[in-house]
Amino acid sequence: VIHIQDIHTNYEAQKNLYRMLEALVKDKGLSLIMVEGGWGNVNLSYLRAYADKERRHEVAEEYIKAGKITGEEYLDIVSDYDISLEGLEDEELYMANLDTFFEIEEFREKASKELERIVELVERLKSKIYPAQLMELEKAGREYEDEKISLADYYKHINLLAKKTDQDISALTNFNQFIGVTEVEKEIDFPRVEKERSKLIETLSKKLSKQKLAALVTKSLEFRLNKLTPAEYHSYLLENAKEEQEDLKKYPNLNKYVGYIESHETIDTTGLFEEAEEAILAIKAVLAKDARAKRLNEISSNLRVLDNFLNLKLIPNDFKYYKEHKNDFTTSGWIDFLKKLAKRHKIRAESLKPAYTSDRNLATLVRFYDIANQRDDIFVQNAIKLMNEKKQDLAVLIAGGFHTPSLKQKLRECGVSYIVVAPHTTEQTDPEQYRYILKYKAGKAE
């Protein structure tokens, strides 16, 4: 199973998802694509009969930009491939999840505004009582979110603070590998890599047999067309060089680059983000030594999770955190502490009120994610059933990133081999468009 993490209604991601699927159809004979959000056969290939390819491309492009069709639906409309799109959902469970979504929409905006007032006070209090290093960490996090610093710079800052606070992060394998890769990257002379690669290809072209030379040309073309990863292509070059007894010491930058990209490509991105968050929590726990700073940090973490709850951006680690601290997620339990702390630091907060809307509806927010987790069981059961029925030993499963950790575990338990990939994107997803599309598909959009 190739699990593609869906980035809902993101135009760039959906077009790249379409290209990924087309490459799998052409190169691997993919014919079965299984998707969340539907049940039974959800093919759109019947639309091919209504127009020629050019017109289908025009209409499909308009709809995918608006978020009204997905990358797999785009492929089904514009191509002539013999593919099957199958929904993985249990209709009743999916509709229950969708109904809960609409319940949340009724109070989301009001709850968010109530939480904002608490967030504003918490941020002001942080500047008064947080130690300097903790403020630096918070600042780095904001700068990364605002795209003022890179992910590498942000994680370097976390790694440095972990060392300063004597945190043992040796078990965070993906995080440590990422830090190592970024260090190696600084040592690589990339223009020299280009020159050494060209020199090696020129040398090999004189040594290789006609058959091997033809293979090299094919591999080079596939690399240019993004059908081979940088690691695959450069490893292939070095392997040929060894077979031809070419002295690889003449290509020091190329060798270093190959090691760098091989290490980079083996990093589990989902695991990387989870491990970084784990490191941040551990650092904050140490830096917030004062009882008041410690409590403020706990409230700040809870506010972040509540915001993700309300905006349906919760990741599995957030949900796990909630389950472990659920008795502390009622904002009314924080107000007295925050008011006393504000008074101590001469900050006016007499009118501060709990986020009553969030407090009253917390069970609804939790229910949404509990149902989402139940759907994972159905996804795996239906995926295996479909692959058996259609006699396919390769299939794509498309679902949002929240489902990934659970799906990986369940596929592993069922003895199904899997790989997780995600379409590349440089654009932020518009959450309002996603909400609109859900309403549109349910016939509730205005």
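I take helices as DSSP runs of H or I, at least four residues long, numbered from the N terminus. The model is predicted, and I read it as such.

**Nonpolar patch**

I looked for nonpolar surface next. Val59, Tyr63, Tyr436 and Tyr440 make a nonpolar patch of about 330 Å². Which helices supply it with at least two residues each? I find α2 (53-65) and α18 (431-441). I then checked Tyr440, which sits in helix α18. Its relative accessible area is 33%. Tyr440 is therefore partly exposed, since that class runs between 20% and 50%. A patch residue needs over 30% relative accessible area and no salt bridge.

**Salt bridges**

I searched the whole structure and got 36 salt bridges. I opened a few of them.

Lys15 and Glu61 came up, with their side chains meeting at 3.0 Å, N to O. This pair links distant parts of the chain. Lys15 is in helix α1 (residues 11-28), Glu61 is in helix α2, and 46 residues separate them. Are these two buried or exposed? Lys15 has 10% relative accessibility, so I log Lys15 as buried. Glu61 has a relative accessible area of 18% and is buried as well. The cut-off for buried is under 20%.

Next I took Lys206 and Glu202. Their closest N and O atoms are 3.9 Å apart, and the salt-bridge limit is 4 Å. Both residues lie in helix α8 (residues 190-207). They are 4 residues apart, about one turn of the helix. Lys206 is exposed, at 68% relative accessible area. Glu202 is partly exposed, at 46%.

Then I turned to Lys250 and Glu246. How far apart are the closest N and O atoms of this salt bridge? I read 2.9 Å. Lys250 is partly exposed at 41% relative accessibility, whereas Glu246 is buried at 8%.

I also noted a network. Salt bridges link Glu105, Arg108, Glu432, Arg435 and Lys439.

**Ser79**

Last, I looked up a loop residue. Where is Ser79? I place Ser79 in the loop between α3 (71-78) and β4 (84-88). Its relative accessibility is 5%, so Ser79 counts as buried. The Ser79 side chain reaches the backbone nitrogen of Tyr81 at 3.3 Å. I set aside neighbours within four places in sequence and listed the contacts of Ser79. They are Arg48 and Arg56.

Methods
Residues numbered from 1 in each chain as written. Predicted model: local features only at pLDDT ≥ 70, side-chain atom pairs only at ≥ 80, totals over all residues. Heavy atoms only, no water. Patch = residues over 30% accessible without salt bridge, like charges linked within 9 Å, V, L, I, M, F, W, Y side chains within 5 Å. Areas by Shrake-Rupley, 256 points an atom, 1.4 Å probe, with all protein chains shown as cover. Buried < 20%, exposed > 50% of the residue type's maximum accessible area, 1.4 Å probe, protein only. Polar contact = N/O pair within 3.5 Å; in protein donor to acceptor, adjacent residues only side chain to side chain. Contact = heavy atoms within 4.5 Å.
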